[in-house]
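Colleague: I am new to this structure. Could we go through it together?

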Amino acid sequence: MTPPHLQASQPALRFGRLIGVSLGPGDPDLITRRGWAALQSGARWAYPVKRAEESSYALGIARRGGLEIPADVAELVFPMTRDATALAKAWTRAASRTVEWLASGRDVAFLVEGDASTYSTFRHLARAVRELAPAVTVETIPGVSSFAAAAARADVALAEEDETLAIIPAAYGVPVIDHLLDEFDTLVLMKVKPLLDEVLDLLERRGLIATSCFIEKVGSPEERVVRDVASLRGEKVNYLSLLLVQNPKRVRGELRRGCRKRSEASYIPAAAEAAT
Ligand SMILES: C[S@@+](CC[C@H](N)C(=O)[O-])C[C@H]1O[C@@H](n2cnc3c(N)ncnc32)[C@H](O)[C@@H]1O
């Protein structure tokens with residue numbers, strides 16, 4: 001229930017903006033200029049944690065960038081649980097605290113690791129805040145996602161020309177991943193930690209070990225790029241890790257529209273991509 005003093009119908013109330021500030025996946029040099037400006041704008045900083053007083057990877061990126069951490073920076077707890085009641089309680093608490101801060105008229109900068117629109121708590125928070133206070137303006141500052149940075153570090157393309165790309169949580173399981181390998185030239189398997197061994201078995205069966213790459217905590221001082229992914233079998237990897245899987249054996253369908261229908265002689269892929 002929204003406290004009366006926070007209700008949007010109160011004419012005198014001018015909420016601050018809720019800003020989702022993408023910080024990129026670890027290297028502070030990948031914070032955008034807009035993100036940097038938002039952090040230095042005097043907005044109140046908030047960051048997500050799974051447990052109270054836990055350290056924050058996102059805050060660590062800002063710290064490594066040399067930004068001064070404001071004294072009133074605050075954590076918001078989003079527990080990793082399937083208990084619906086506990087979750088609902090935590091969400092309501094986080095949203096209410098945020099609305100209270102916004103009601104002072106000051107912006108809130110919510111620090112997000114990677115990109116704020118990609119598997120991020122920010123979208124949930126924005127929804128919950130709007131439910132309590134529909135008048136709040138939400139701004140999302142986009143950023144470099146973990147998989148964009150990972151592909152760059154691994155020196156591979158996510159997609160070229162008319163290739164297909166899928167980004168999925170590995171939790172869909174091996175049968176789904178197996179199927180998607182027939183449909184996509186590149187798969188990004190996010191949140192791969194709990195299923196790593198099963199996925200490695202699948203890649204082995206499909207002969208895709210050599211065209212896969214594992215990247216952990218990309219851009220951070222603990223970054224790890226593992227090309228011999230079979231060597232990871234049995235290892236307990238960090239949650240902040242992903243697998244890039246390329247399937248050069250995929251049989252592609254014919255495109256109805258686009259590059260491949262043009263005369264092969266006149267089509268120069270590099271020139272076409274440079275135009276986009
Ligand atoms: C909740 S999602 C956050 C995604 C993030 N917002 C992004 O834009 O990439 C967490 C998953 O993203 C991937 N991830 C996030 N940061 C990473 C990093 N620095 N290095 C490797 N993978 C990362 C991992 O697969 C992790 O399990």
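Predicted model: local features only at pLDDT ≥ 70, side-chain atom pairs only at ≥ 80, totals over all residues.

Colleague: How many residues surround the ligand?

Modeller: The ligand is surrounded by 22 residues, counted as near if the C-beta atom, placed from the backbone, lies within 6 Å of it. The closest are P25, G114, D115, S145 and S146. Helix 5 (146-154), strand 8 (212-216) and strand 10 (241-246) each give two or more residues to this shell; helices (H or I, at least four residues) and strands (E, at least two) are DSSP runs, numbered from the N terminus.

Colleague: Why does the ligand lie between the two domains?

Modeller: Domain 1 (18-141) and domain 2 (146-246) both contribute to the shell, so the ligand lies between them. The domain bounds come from an automatic or database domain assignment.

Colleague: Next, the sheet. In what order do the strands run?

Modeller: The open sheet has 5 strands in the order 6-7-10-8-9, with mixed pairing; two strands pair if DSSP finds at least two bridges between them.

Colleague: Which strands stand at the edges?

Modeller: Strand 6 (165-169) and strand 9 (224-226) do, each with a single partner strand, so one side of each is left without a neighbour in the sheet.

Colleague: In which sense do strand 6 and strand 7 pair?

Modeller: Strand 6 and strand 7 (residues 186-190) pair in the parallel sense over 5 bridges. P169 stands opposite M190 in strand 7.

Notes
Residues numbered from 1 in each chain as written.
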